[in-house]
Amino acid sequence: MSTLHSDNFATNAIHSGSAADANTGAVIPPISLSTTYKQESIGIHKGFEYSRSANPNRNDFETLLTSLEAGSEETIAFSSGSAATAAAAQWASLSEDEGGARTVEDIAQGRKSHILSINDVYGGTYRYLARVAKSTGNLEASFLDFDKAGKDGIREAIKENTKVIWIESPTNPMLILPPITLISDIVASLPETRRPIILVDNTFLSPYFSNPLTLGADVCLHSISKYINGHSDVIMGALSIRRGLGYKLSQGLRFLQNSSGGIPSPFDCYLASRGAKTLPLRALKHGLNALEVAAALSQDSRIAKVSYPGLASSPYYERAVGSLSKQAKKDLAKLGWDVEALDAKAGVINGVLQPERSHSGVGALHKQGIPFSGMISIRLRSHNPSDTEANHAVTDKFLTSLRLFSLAESLGGVESLAEAPWKMTHGSIPEAQRLELGIDPCLVRLSVGIEDVDDLLADIRQALEVAYAKG
Ligand SMILES: *Cc1c(COP(=O)(O)O)cnc(C)c1O
């Protein structure tokens, strides 16, 4: 197995979990639809008994993602990113003898398990942690702005019963990069018996741009529905576990995968494996396009703010550079980026945030910043920020005037999408909280696809013309 993981990213993407079929020589593994497997004698079989417990296409996909998510030992696939979220949360309250986090002492004392989550979190994750987890009885969650809290605030927020620290990098939709290494340093300073695991939702970057398990995280969550499948035709999720993690996490999560039954279909695993073969090509192109769009829009007077951590002017630029994966740096070096200069900045993924700088917006792309996923958030300029209705109308006009960007939720597919988090992806978060996070009617989230970037820019500009037309 390990030899499959020893190649470089793009090679693993093609070959890992994609061995020729032993029976027919088919270069692409067939889709294995059988629900059950014939046994030679009682309990003697080829590793497959019933397709919920294990399936060849699912195994192949799990092997593939393990090879792509650097630092991981094992990947466990689910029927959606949300099912992976539910499993990771359930793990926190599963008893230790089942591979979970709840100790004999926790149970004896009737102590709930606590999840400390970043406050700007995927809408569905917030909904699960705030509303579903609570009703299961043994779980509680709280939400924190890690940068605002700082070192002492974070340490204080980690309680005796905190089992999981849940972060997204970047967050959605504000594209904040939390201080992962600071959080992992704080956790490492706690007594071994009460260290929570650190889970990073790596959906927005994909394993191509960043590998949180090499930065101090213990588990990576992916919505495969986004960049990894990449073609907007599969809903699937996965958890990848760090190599050498002392916890019995693998046992507990496999137990939950099998007993909760939220497994992906063989066909979806096949499609996701096929999609992932081109992840390095797609991710790089998404990033190059997004950087160019972000740099151009930062010069447009109709746009009040562009959030893209890869822009050299972003407060999160140093953190973005510091969390770039080995394979992304290798590709950038070949495209003319000065990777040594980037590495010189890369110490800074800890608590220190850079001030927002003005963006020059001119010159070669490698002077603008770095490609860092295809996700951009922009704030449309408003004459009166408190006039919710008027602002909503401008945003709606803009979004419905786009020709190439479809007005739709989701992200990470080859086609460009645009949406208004206020009413769409983040509508389930209470209004006061949305406003506190900066999610208001002026905010637009772009998922920049891999079309020709000149066409994309022309499309955005013509839609801005329409949205801001007088009368
Ligand atoms: C989409 C998404 C999820 C949920 O995944 P589904 O596959 O839609 O269930 C979780 N986290 C992030 C960051 C996402 O974008």
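1. Helix 2 (residues 56–68) lies across strand 1, strand 6 and strand 7, with contact meaning heavy atoms within 4.5 Å. The helix runs at about 135° to strand 1; axes are lines fitted to C-alpha atoms, for helices over the stretch in contact, and angles run from 0 to 180 degrees between N-to-C directions. Helices (H or I, at least four residues) and strands (E, at least two) are DSSP runs, numbered from the N terminus.

2. A word on the source: this is a predicted model, where local features need pLDDT of at least 70 and side-chain atom pairs pLDDT 80 or more, while totals for chains, interfaces and linings use all residues. Residues are numbered from 1 along each chain as its sequence is written, and side-chain values use heavy atoms, leaving out hydrogens and water.

3. The open sheet has 7 strands in the order 1-7-6-5-4-2-3, with mixed pairing; two strands pair if DSSP finds at least two bridges between them. Strand 1 (72–78) and strand 3 (139–144) are at the edges with a single partner strand each, so one side of each has no neighbour in the sheet.

4. Strand 6 (residues 219–223) and strand 7 (residues 237–242) run antiparallel, joined by 5 bridges. In strand 7, Ala-238 is the bridge partner of His-222.

5. Do look at Arg-434: its charged end sits over the ring of Trp-422, 4.6 Å from the centre. The test asks for NZ of Lys or CZ of Arg within 6 Å of the ring centre and within 35 degrees of the ring normal.
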